[in-house]
Amino acid sequence: MRYLTLILALLLLTAAAAELTGKEILEKIDAVFTVDSMWSGSTQTITTPEGETRSFTMESMARDSNRQQLTRYLTPQSVAGTAFLMLDYGNDIWTYFPDTDRTRQLAANARNRSVMGSNLSYEDMASEADYAENYSAEVLRQEEYAEADCYVLKLIPLKSSSSYSKMILWVDEESWVTLRCDYYDKGGELLKRMRIRDIRYIDGTPTPFYYEMEGLQDGSMTEVTMTKVRYDMNLPESLFTTANLSR
Amino acid sequence: MKRIFSLVLVCLVFLPAGLFADDDLPPIFAEGEGGSSTEEEFDLLTLFGEGLTFVGKLDIWARYYNTDDNEFGNYNEGRFLVTSRSGNTKLELLGIINAYGGYDAQFSPDEFDWRLDRANVSWFTDWLELRLGRQRLAFGSGYMFNPSDLFVQPSMLDPTQDDPSSDALLTTFFLGQISGVNLIAVPGREIADGSYGLRLYTNLAGFDLAGSYYHRGAYTSELDAHFIGFSATGEIVVGDWDGPGIWCEGGLDLPYDPDGDDEVDSTWRASAGMNYTFTENFAATVEYYHDEAGGEEFVDYDWMGLMGGERFVLGRDYLFANLEMDLSALITLSAMSMVNLNDGSLMTGPMLRFNLSDNVEASLGGFLFLGDEETEFGHGEIDLGGGVNIPAFPHMAYLRVQAAF
């Protein structure tokens, strides 16, 4: 009888879990990254279809659940000091170039531009903590992916200015981390695929220490490896200013 | 026999799996408990770019000029930037070495020169920044033309390169993340010869807005001037469609005679532009420029002012366009053009840029100058004195290598 109760409870839990709507899942994804502030160091390696590689290191700061972000390139020397500030989840972006010592606002239509020749656009870098506001979601199915039970979601951008027509996400049901995301271009063709690995729990927050974005139409690849991550550093708002871009 | 069978079985089971596994990738979830950020060793002194940094850049242009003698020249530049930041203080030093050769050497009194382009120290808090010393005072947001900037003017051949910096004291009061007040003081050899200004900047409804006022001592040898500048940068948004980025900038010079009652005409200049990113790899920029002090006709052009760096262009109205396409992550094709709308002459410059390594780029390009005989970009000549005339703008092809270390 006890086993029967347990089985029933599990079934009910499973049913309850299965009844999560797409929007609820997006809110859970967003909630994972609801941290006061974050600092990270990372390396980014771009591999061209011909096999050439280019590597960058950078530091990034974020606060208010990634609503405000500042990223600065540290190496190579050719781009050292180049920085960009994203406010309001990337709706407002300023870029700074040390050679000219000028800070310029980036138009919204430029958010789909490749950042430093990588497979990542400003839109990709800004949207990861604001899915619920920017996309409508439909649960396609539940399946195992990379040994994890996942929800498979179809996301449609709510803004027509998005460079994607849709995205398919594989979301881990336990950590609510997106393990894989397929991006489709405006023509409906599969454009690129992001895969996340090496998830570590830092201060209880599941933190991907490795992700890759594969360009499926040209065979290019961008890999990002986190070297250091630190949360809840009480980063002041004064760090997230256009003035701080040049410091 | 049992062992061999087991081995074969293992191979049969795991070999195919291995073929499809992501061998080079780390596992989805890291082993162990993960960790705490407090367990990481962080050097707070280097956390936000503190410490000493050095960036060296070499810029080597080998140029061919389509003159009667088919001449070659070269323009070479070395930039050495040292920054040191400690706490709320930052020191910035930028030395620039220029070397000219062949055809390019005749435009410089020396074949080799150097200057300390930046040498300043800044001190900042959450609400205040003071920067004292030689520094760049570049506030405008236009791409090719910055009529609201008094102290820098971009190079026509490369808008990323600007004129020398100014000896100044810049005081900035921050009013939030993207608003503030600049107080600018650029004293001359005598205080009365200096320029002193106030600039307000903010962001309203998505637009970066700025307004400035300067008093310009020694505007000319006889005149002082008031200067009023403005700039606005934003984008056109219709519903949820993000349209082109747009900007406009302007400056109004109001000269006056400090010793007399002579009436002096004011002049104004302004630019307006837009850019649009069509795809992830293709963007276009268009900019219009009007300078009331420019010449409407060829006979009015101030060639000596252009050669002396007092003027950036000769005419009154210009249309500039730039197309840029990333052919791959490492190769970019661009084409810039500028039309003098007063005389119809055209400057156009295609360029192919190769990223050869993390720190080396090579560019192959050229400039064509097209127009009638008596036009700015046509085949006019500059009188260098002593009976020496040179073509103002001969067609040019170049190979440029930029390296950082």
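Mentor: A residue is buried if 20 or more other C-beta atoms lie within 10 Å of its own, exposed if 12 or fewer, and partly exposed in between, with C-beta atoms placed from the backbone. Helices (H or I, at least four residues) and strands (E, at least two) are DSSP runs numbered from the N terminus. This is a predicted model, where local features need pLDDT of at least 70 and side-chain atom pairs count only at pLDDT 80 or more, while totals for chains, interfaces and linings use all residues. Residues are numbered from 1 along each chain as its sequence is written, and chains are lettered from A and ligands numbered from 1 in the order in which they are written.

Trainee: Which residues are buried in helix 2 of chain A?
Mentor: Helix 2 covers residues 22–32, and Gly22(A), Ile25(A), Leu26(A) and Ile29(A) are buried there.

Trainee: What makes the buried residues of helix 2 of chain A line one face?
Mentor: The arc is that of the directions from the helix axis to the C-beta atoms. For helix 2 of chain A the buried residues fall within an arc of 100 degrees, so they line one face of the helix. They pack against helix 4 (131–134), strand 7 (135–145), strand 8 (148–157), strand 9 (166–172) and strand 10 (178–184) of chain A.

Trainee: Which residues touch the most other members of the largest nonpolar core?
Mentor: A nonpolar core is a set of buried Ala, Val, Leu, Ile, Met, Phe, Trp, Tyr and Cys residues joined through C-beta atoms within 7 Å. The largest has 30 residues, and Ile25(A), Leu153(A), Leu169(A) and Val171(A) touch the most other members. Helix 2 of chain A is among the elements that give two or more residues to this core. Apart from it lies another core of 27 residues, among them Met86(A) and Tyr122(A).

Trainee: What is Val171(A) in contact with?
Mentor: Contact requires C-beta atoms, placed from the backbone, within 7 Å. Leaving aside neighbours within four places in sequence, the partners of Val171(A) include Ile25(A), Ile29(A), Leu153(A) and Trp176(A).

Trainee: Why is chain A called as compact as a globular protein of its length?
Mentor: The radius of gyration is taken over C-alpha atoms, and the globule rule is 2.2 Å times the number of residues to the power 0.38. Chain A has a radius of 19 Å, close to the 18 Å that the rule gives for 247 residues, so it is as compact as a globular protein of that length. Of those 247 residues, 47% count as buried.

Trainee: Why does Ile246(B) count as partly exposed?
Mentor: Ile246(B) has 17 C-beta neighbours inside 10 Å, so it counts as partly exposed. Its place is in strand 11 (residues 241–256) of chain B. Beyond residues up to four places away in sequence, Ile246(B) touches Gly234(B), Glu235(B), Ile236(B) and Met274(B).

Trainee: How do you know that strand 15 and strand 16 of chain B pair?
Mentor: Two strands pair if DSSP finds at least two bridges between them. Nine bridges join strand 15 (residues 331–340) to strand 16 (residues 346–357) of chain B, and the strands run antiparallel. Leu333(B) has Leu352(B) as its bridge partner. These two strands form a hairpin with five residues between them, and Gly344(B) in the turn has a positive phi of about 80 degrees.

Trainee: And how many bridges pair strand 16 with strand 17 of chain B?
Mentor: Strand 16 and strand 17 (residues 360–370) of chain B pair over nine bridges in the antiparallel sense. Their hairpin runs through two residues.

Key
Two residues are in contact if their C-beta atoms, placed from the backbone, lie within 7 Å.
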